[in-house]
Amino acid sequence: MLSLSTVFCKAERAHFFNSSNRIAEYFTEGRSLLVRWKMEILIGLLISSLSLYCDFTDAECLVISPARLVVKYGDPASSNCSSDTPVEIGWESTQGGVGLTDKEVKILNWRVDSVTDWENNPKCFTDGGQCEKQLDITVYKLPDSVSISYRKYPDPMVEGHQYLLQCLVQNIAPIGRLRVTFYKVNTTGEQTELDTQHKSKDNIKTPENGTYTLDFTPGRDDAGAQLLCSAMLDLGPEGPQPPAVMDSNRLNINVHYKPQITMSPGCFSMSITEGDTLSLNCSANGNPAPSYNWLLPQADPNTMEERSVVTITDIAKSHSGDYTCFAINPLGNSTCTVNVEVTVDYLPIIAGLAAAVVVILLVVSCFTYSSYYKHRRMGHYQLKDMLPRQHKNKHVVQHNGMDQSFM
């Protein structure tokens, strides 16, 4: 004979609860309002207590181990249903079902050699359905393929424009546990996460295709990088560890952008000495590769020279002015102006003048010295002074037997 609690647990609870007022009326018919109110409270407490007992009984009468299974489609699966006391136990399942045992047992195994039913919900039960427990089972399948593409193929990409990327994950289950991540891989191999997406489709157990999209705006630094998407099936701690991941193919990024002049040290003013050589090299970063034009200060404003390097040897003062470079490609242009000032180096002139002055001074000194020397040493003597003087009157003196003449 079934107990009151068992009957209550097997009854339709919602219907029983809705009938509580009628039960109260039955026991309080003809009684005062206060008595009826007290009776309703008592019956409500009784129903609540029985409900809690029934929940406890349902939870503890059978134990399934493991309580949750994550099984790859086509793989075997197994779980045990056990009871503290011997009872007649069975498994209700579309695969591997087992009828009630002929005798009371404490444990009964459910096993399937190959899980092929996506909707299988194995349930363990006792005789008369007094107690039952359902196995939480997830059947999964890895995707057949993961691919990334542009929704509309750009030919080519242009810096600053927006493009729609599409990641297609084919034939995966359950799709509600799928996470798709978009990545960018730069030229050095460094991987950057762009976005992660998860679409909640928990009620779908059979394989599905998933399409995920991302708006991508490339910059000039993205040239040469690659894009990919990765599908990760996260099935929790009972699933494969680490979670199964499948990467897509990679898209090469070809970004076109307007030139940006990289001339070193840049747009500046410079001073150069007259007679030296001027060399200006204009370079720019652009895709497609830019062409170069120079506007020179001596040229007509509407005339440009198509070259990247300007070289002027033996530069003169007249070459002073603004030298402007234009880097041009189909997406735009960039300019850079260098102001050149040609200066005169006066040091050689000063040195030359100083040398000339020294030479002149030396010449003058030599001439002066020469003139002064002749005047002092030779100017007081005459040839006639060096000869004996001849006079008409001569006095001869005889002295010691010799004749001496005096002038």
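Guide: Contact means heavy atoms within 4.5 Å. The model is predicted: local features need pLDDT of at least 70, side-chain atom pairs count only at pLDDT 80 or more, and totals for chains, interfaces and linings use all residues. Residues are numbered from 1 along each chain as its sequence is written, and side-chain values use heavy atoms, with hydrogens and water left out.

Visitor: Which residues does Ser-79 touch, not counting residues up to four places away in sequence?

Guide: Ser-79 touches Ile-64, Ser-65, Pro-66, Leu-69, Trp-91, Leu-108, Asn-109, Trp-110 and Leu-135. Ser-79 is placed in strand β3 (residues 77–87); helices (H or I, at least four residues) and strands (E, at least two) are DSSP runs, numbered from the N terminus.

Visitor: Is Ser-79 buried or exposed?

Guide: Buried means under 20% relative accessible area, exposed over 50%, and partly exposed in between (1.4 Å probe, protein chains only). Ser-79 has 1% relative accessibility and therefore counts as buried. A polar atom of its side chain lies 3.3 Å from the backbone oxygen of Ser-65.

Visitor: What backbone geometry deserves attention?

Guide: Most residues other than glycine have a negative phi, and most peptide bonds are trans. Asn-171, in strand β11 (residues 163–172), has a positive phi near 60°. Asp-314, in the loop between β23 (309–312) and β24 (321–329), has a positive phi of about 50°.

Visitor: How do Asn-171 and Asp-314 stand in accessibility?

Guide: Asn-171 is partly exposed, with a relative accessible area of 26%. Asp-314 is exposed, at 56%.

Visitor: Where are cis peptide bonds found?

Guide: One joins Gln-241 and Pro-242, with omega about -5°; Pro-242 lies in the loop between β15 (226–233) and β16 (244–247). Another joins Asn-287 and Pro-288, with omega about 5°; Pro-288 is in the loop between β21 (284–287) and β22 (291–295).

Terms used. Polar contact = N/O pair within 3.5 Å; in protein donor to acceptor, adjacent residues only side chain to side chain.
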